[in-house]
Amino acid sequence: MSFFNWLPTLVVVFGLVLGGIIVALAALRRRTLRLIETENHIYHLAHYDLLTGLHSRGHFNSRLADALTLLPATGEQLAILYLDLDRFKQVNDSFGHPAGDELLREFADRLRRLTVEVDTVARLGGDEFIIIQRAVAGENEVKTLCEHLIESARRPFEVAGVQVFVGVSVGVALAPRDGVDQVELVRKADLALYHAKAGGRSGYALFEPEMDQTLAKRKGLEQDLRKALQTPGHIRVHYQPLYTADTNRMTGVEALARWSDAERGWVAPDLFVPLAEETGLIEVLGELVLRQACLDAVHWPIETLAVNVSGLQLNNPSFAMKVTSILLETQMDPRRLELEVTESTLSQRPTECQQNMAALRSVGVRFALDDFGTGFSSLGRLQSLEVDRIKIDRSFVQGFGGSNGDEAIVQAIIDLARATGLSTTAEGVETESQCNYLRKLGCDQLQGFLLSRPVPKEDLQELLDGGSRRATA
């Protein structure tokens with residue numbers, strides 16, 4: 001058979017081979033593209049935060065290491081800004097995690113707009129962010145950025161169809177001024193952030209060497225507090241009487257924790273109570289105070305034993321059971337116990353709070369709203385909070401006679417309490433004029449140094465033996 005007779009067959013075979021090669025090349029190209037796409041996705045996962053699109057912690061560490069390596073050659077400065085959102089947990093608890101995620105994305109966009117391309121903005125996790133500010137001219141430039149960050153966070157965020165207000169605290173460390181070790185710089189920025197938050201939040205602080213000493217003192221205080229909570233007699237309970245405004249009769253007491261240390265002497269409650277909350281010791285402290293107060297007051301001829309309760313305690317699902325157990329153990333009448341909570345506590349995790357409050361109210365325990373007027377919400381929310389008493393914050397009482405209209409505020413609180421069937425107690429009464437004015441406004445109970453300072457149970461027993469007459473400071 002001649003070549004020409006084979007030619008059609010060869011053409012078909014060649015076409016099939018060529019077609020197979022083309023198909024194979026196309027498949028190889030698609031596979032290569034998918035591999036590249038997968039590699040890009042893996043790279044993105046490794047270097048960027050999925051929620052906000054900012055740099056990840058790992059990528060931040062890599063970029064910081066590179067920037068610090070270049071410092072000796074360039075002679076430049078850089079700043080590490082450690083950011084933490086204020087009141088973010090309240091948004092999460094009040095509106096849900098999707099709303100919290102929406103807020104984080106919006107905040108990330110604001111950070112991008114406030115920084116330049118050479119800077120690095122990363123999310124470390126949760127509501128913590130960190131920025132590398134390159135080529136810093138000096139402290140004033142860093143301070144300006146901090147002020148812009150704080151101002152930006154103060155603007156309302158639109159989440160879940162409502163406006164929410166948060167804030168941001170910032171801690172700063174500078175290189176090479178504060179060193180060039182990567183881990184140490186981040187630690188120092190974090191320490192400065194702690195000081196910024198301790199100063200009242202929505203502020204900033206630059207690292208200072210004294211902060212290390214302060215941290216060491218805080219750790220020492222925490223260790224001593226842990227020992228005190230385990231040693232009988234170191235944490236004591238003092239009692240501040242509550243008097244009726246119209247008859248000056250003692251009707252109750254508020255139990256207050258006091259710490260007597262062998263070396264430090266009396267440690268101020270403003271110092272160790274917030275420390276207990278930060279370190280998680282507040283539940284142990286709260287349980288100790290409640291048990292001791294019930295033991296002391298079980299036979300006192302008073303109507304009310306008021307005990308402060310922290311958010312951590314009230315959000316613990318077993319809190320109601322613990323309180324009930326202590327009441328049974330001490331044989332304290334539940335109807336005489338009044339637990340004082342803050343409005344911000346009731347706004348955090350409403351499910352747990354409501355369940356605990358409902359369980360305790362069912363056995364007769366009452367609730368008071370402490371420091372009213374300084375919390376997260378307003379007078380308008382009062383009707384939705386299941387409490388029996390309002391404690392008017394001392395700042396309003398001490399503002400009587402000033403230009404801030406505190407008398408009108410207190411009058412509005414008392415009128416609203418009456419309209420909703422609640423009792424009122426004014427804190428911080430220190431002068432006769434304050435006492436008389438509160439009586440005129442219709443306040444039910446008074447508490448303050450004018451009437452009596454917090455006293456140990458032995459001194460309170462003397463007041464009770466004397467007929468519950470009003471004490472003097």
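1. The lining of the largest cavity comprises four nonpolar, three polar and three charged residues. In this scheme Ala, Val, Leu, Ile, Met, Phe, Trp, Tyr, Cys and Pro are nonpolar, Asp, Glu, Lys and Arg are charged, and the others, Gly among them, are polar. A cavity is a set of points on a 1 Å grid over the protein atoms alone where a 1.4 Å probe fits but cannot get out, and lining residues have an atom within 4 Å of a point.

2. Basis of the values. The model is predicted: local features need pLDDT of at least 70 and side-chain atom pairs count only at pLDDT 80 or more, while totals for chains, interfaces and linings use all residues. Residues are numbered from 1 along each chain as its sequence is written, and side-chain values use heavy atoms, with hydrogens and water left out.

3. Overall content. The chain has 17 helices and 16 strands, taken as DSSP runs (helices H or I, at least four residues; strands E, at least two) numbered from the N terminus. Of the 473 residues, 45% are buried, where buried denotes under 20% relative accessible area, exposed over 50%, and partly exposed in between (1.4 Å probe, protein chains only). Among contacts (heavy atoms within 4.5 Å) between residues at least 6 apart in sequence, 67% join residues at least 24 apart. The accessible surface, from the Shrake-Rupley method with a 1.4 Å probe, is about 23,800 Å², and carbon and sulfur atoms account for 54% of that surface.

4. The largest cavity. The whole structure contains two cavities of 30 Å³ or more. The largest has a volume of about 80 Å³, a volume being the space filled by probe spheres set on grid points that are joined across faces, edges and corners. Its lining consists of E283, G286, E287, L290, Q313, N316, F319, K322, V323 and I326. The elements giving two or more residues to this lining are α9 (282-297) and α11 (319-330).

5. The second largest cavity. How is its lining divided by class? It has six nonpolar residues, three polar residues and no charged ones. The space inside amounts to about 30 Å³, and the lining residues are G286, L290, V307, N308, V309, Q313, F319, V323 and L339. At least two residues of this lining come from each of α9, β11 (304-308) and α11.

6. Helix α6. The 17 residues of α6 (182-198) reach 25 Å from the first C-alpha to the last, close to the 24 Å expected at 1.5 Å a residue; the expected span is 1.5 Å times one less than the number of residues. Its buried residues are L185, K188, A189, L191, A192, L193 and A196. The elements covering them include α2 (57-74), β1 (78-86), β6 (167-175), β7 (204-206) and α7 (210-230).

7. D178 is found in the loop between β6 and α6 and, at a relative accessible area of 10%, is buried. Leaving aside neighbours within four places in sequence, D178 is in contact with A173, L185, K188 and F207. D178 and K188 are ten residues apart in sequence and 8.0 Å apart in space, C-alpha to C-alpha. P176 is also placed in the loop between β6 and α6, and the peptide bond joining A175 and P176 is cis, with omega about 10°.

8. Backbone angles to inspect. Most residues other than glycine have a negative phi, and most peptide bonds are trans. A135, not a glycine, has a positive phi of about 50°; A135 lies in the loop between β3 (128-133) and α5 (139-154) and is partly exposed at 41% relative accessibility. N248, again not a glycine, has a positive phi of about 60°. This residue belongs to the loop between β8 (235-244) and β9, and its relative accessibility of 26% makes N248 partly exposed.

9. Around β9. Which residues does S260 contact, leaving aside neighbours within four places in sequence? They are H234, R236, G265 and W266. S260 lies in β9 (250-261), and its C-alpha is 6.6 Å from that of I235, 25 residues away in sequence. G233, in the loop between α7 and β8, is partly exposed with a relative accessible area of 44%. G233 and W259 are 26 residues apart in sequence and 9.0 Å apart in space, C-alpha to C-alpha.

Technical notes: 1 Å grid on protein atoms, 1.4 Å probe; cavity = no way out; pocket = protein on both sides within 12 Å on 5 of 7 lines; lining within 4 Å.
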